[in-house]
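Here are a few exercises to work through with the model open beside you. Try each task before reading its solution.

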Amino acid sequence: MIRPGAESLRKIAVVGQGTAGSLAAANVTRLLPESDHELYHIYDSRIPVIGVGEGSWPSLVQHLQELTNLPHETIQQRLKGTRKYGVAFEGWGRRNQAFTHYFTPQQVSYAYHLSADLLAELLHESTRARHIDAKVRSITRVEGGAQVEFEGLPPERYDLVFDARGFPRELHPDRHIDVSFIPTNTAVIRRCPAIVEEERDGLVLQHTYTRAVARPHGWIFVIPLTLHTSYGYIFNRDVSGLAEVEADFDAVLEADGVPEFEQRAVIPFPNFIHRHMYDGAVARIGNAASFIEPLEATAIVSAQLQVEMVLHMRLNRPVEYIERDAPVVNRFLINNMLCYSLFVGWHYSCGSRHDSGFWRYARDHAWPRHRAATDPGAVDCDALRKFEEMIELINQTVIDKTDWERMCALPLTSYAQISQGLGCQHLS
């Protein structure tokens with residue numbers, strides 16, 4: 001295969017060893033022969049990978065098979081995973097009824113519930129790279145590539161750097177789009193005993209779903225793995241105190257019959273999108289590029305898209321087109337994340353069964369800010385128009401067949417399922 005951009009990718013660096021960094025390194029290994037490039041995987045071993053249970057989207061199932069050359073069954077076993085067929089919502093919206101957001105085709109398409117640390121281990125086995133254990137101080141674009149500044153080591157220049165170092169320390173309006181119309185900013189993570197029994201051969205074939213349980217201070221996810229069950233309470237620390245969240249968390253676990261748990265972490269997070277995900281030499285990926293709270297499991301699928309799109313453009317376009325291509329790729333990735341953020345924020349627009357301070361804040365104060373936050377003049381993207389068109393479509397009495405395949409990050413079927421489940425038949 002002729003790849004006109006391959007000559008410009010002789011020296012590539014991936015900074016970070018979490019999910020996004022591991023995906024990037026494995027993709028570079030798969031797409032570029034070892035003789036044609038040098039891959040450097042850079043990370044600070046003092047920073048641990050938090051083994052949070054995670055949900056994913058169906059695209060990951062085939063992607064992992066391509067990266068590892070292992071059968072799907074083996075991959076699922078290695079991840080201590082289960083097959084996720086959708087998200088089961090409890091207590092959300094006006095209807096006060098449980099409903100499920102299924103992957104399409106319903107009850108056929110599935111993703112994985114997986115352990116993040118095991119996913120990183122699996123991907124490392126499929127990666128050929130030189131490892132540099134060091135703290136990175138900065139990554140900057142320079143002529144013909146990017147320069148990485150280390151603590152205690154001389155700087156190095158690379159043709160392309162994937163920056164997967166995680167959340168920014170603080171948000172700056174000139175560098176980040178604040179999507180605080182999503183009303184949460186903190187997660188309490190607990191590891192509980194397994195509720196799904198591993199089969200004799202280690203493979204679980206039963207249908208499982210991520211539970212999303214509305215609570216007075218936010219919502220709780222429940223992700224079933226074969227080793228343990230991951231619980232997380234997602235809330236807003238500016239609206240609710242940690243002590244009252246922990247007390248409600250205890251009550252939920254007691255009601256679920258969970259006898260004990262391991263407290264894993266309390267993680268503050270920003271809901272944001274970087275304005276400069278890709279500049280031609282530096283590609284911010286994963287939590288360095290954006291973060292949308294985990295309600296619809298957009299983190300891994302976003303990292304997949306970021307990595308694959310950057311590599312596709314750099315490999316298949318001549319190097320002289322980089323300056324022209326980079327803004328187009330960057331705008332596309334930003335627009336995609338804005339569409340995700342609007343879809344997730346919309347879940348809060350109809351409230352929940354709990355008439356609490358958090359849900360009043362989410363419905364009446366946070367969500368109404370979504371139009372100003374995603375105004376095309378402020379973000380240079382048309383995500384808001386696409387989102388509003390999807391809402392208009394699902395409110396029609398009859399949807400023309402020509403519109404059935406419409407997308408706004410997610411397919412029309414997803415919008416229809418959430419609208420019906422929430423009892424939200426108009427745009428709030």
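## Exercise 1: a strand and its surroundings

Eight of the nine residues of strand 4 (residues 82–90) are buried, so this strand is largely enclosed by the rest of the structure. Keep in mind that you are looking at a predicted model.

**Task.** Find which strands pair with strand 4, and in which sense strand 4 and strand 14 run.

**Solution.** 
- Step 1: begin with strand 14 (residues 207–215), which runs parallel to strand 4 and is joined to it by six bridges. To find your place, look for Ala88, whose bridge partner in strand 14 is Arg211.
- Step 2: move on to strand 5 (residues 99–102), which pairs with strand 4 in the antiparallel sense over four bridges. Here Val87 has His101 as its bridge partner.
- Step 3: finish with strand 6 (residues 111–115), also antiparallel to strand 4, over three bridges. Lys84 is the residue that stands opposite Ala111 of strand 6.

As you step along, recall that side chains in a regular strand alternate between the two faces of the sheet.

## Exercise 2: a residue in strand 17

**Task.** Decide whether Glu262 is buried, partly exposed or exposed, and list what Glu262 touches beyond four places in sequence.

**Solution.** 
- Step 1: locate Glu262 in strand 17, which spans residues 262–268.
- Step 2: Glu262 has a relative accessibility of 37%. Buried means under 20% and exposed means over 50%, so Glu262 counts as partly exposed.
- Step 3: leaving out residues up to four places away in sequence, Glu262 touches Ile189, Arg190 and Arg191.
- Step 4: check Pro193 as well: its C-alpha lies 9.2 Å from that of Glu262, while the two residues are 69 apart in sequence.
- Step 5: within strand 17's own stretch, the side chains of Glu262 and Arg264 are joined by a polar contact of 3.0 Å.

Key. Residues numbered from 1 in each chain as written. Predicted model: local features only at pLDDT ≥ 70, side-chain atom pairs only at ≥ 80, totals over all residues. Heavy atoms only, no water. Buried < 20%, exposed > 50% of the residue type's maximum accessible area, 1.4 Å probe, protein only. Helix = DSSP H or I, 4+ residues; strand = E, 2+ residues; numbered from the N terminus. Pairing = 2+ DSSP bridges. Contact = heavy atoms within 4.5 Å. Polar contact = N/O pair within 3.5 Å; in protein donor to acceptor, adjacent residues only side chain to side chain.
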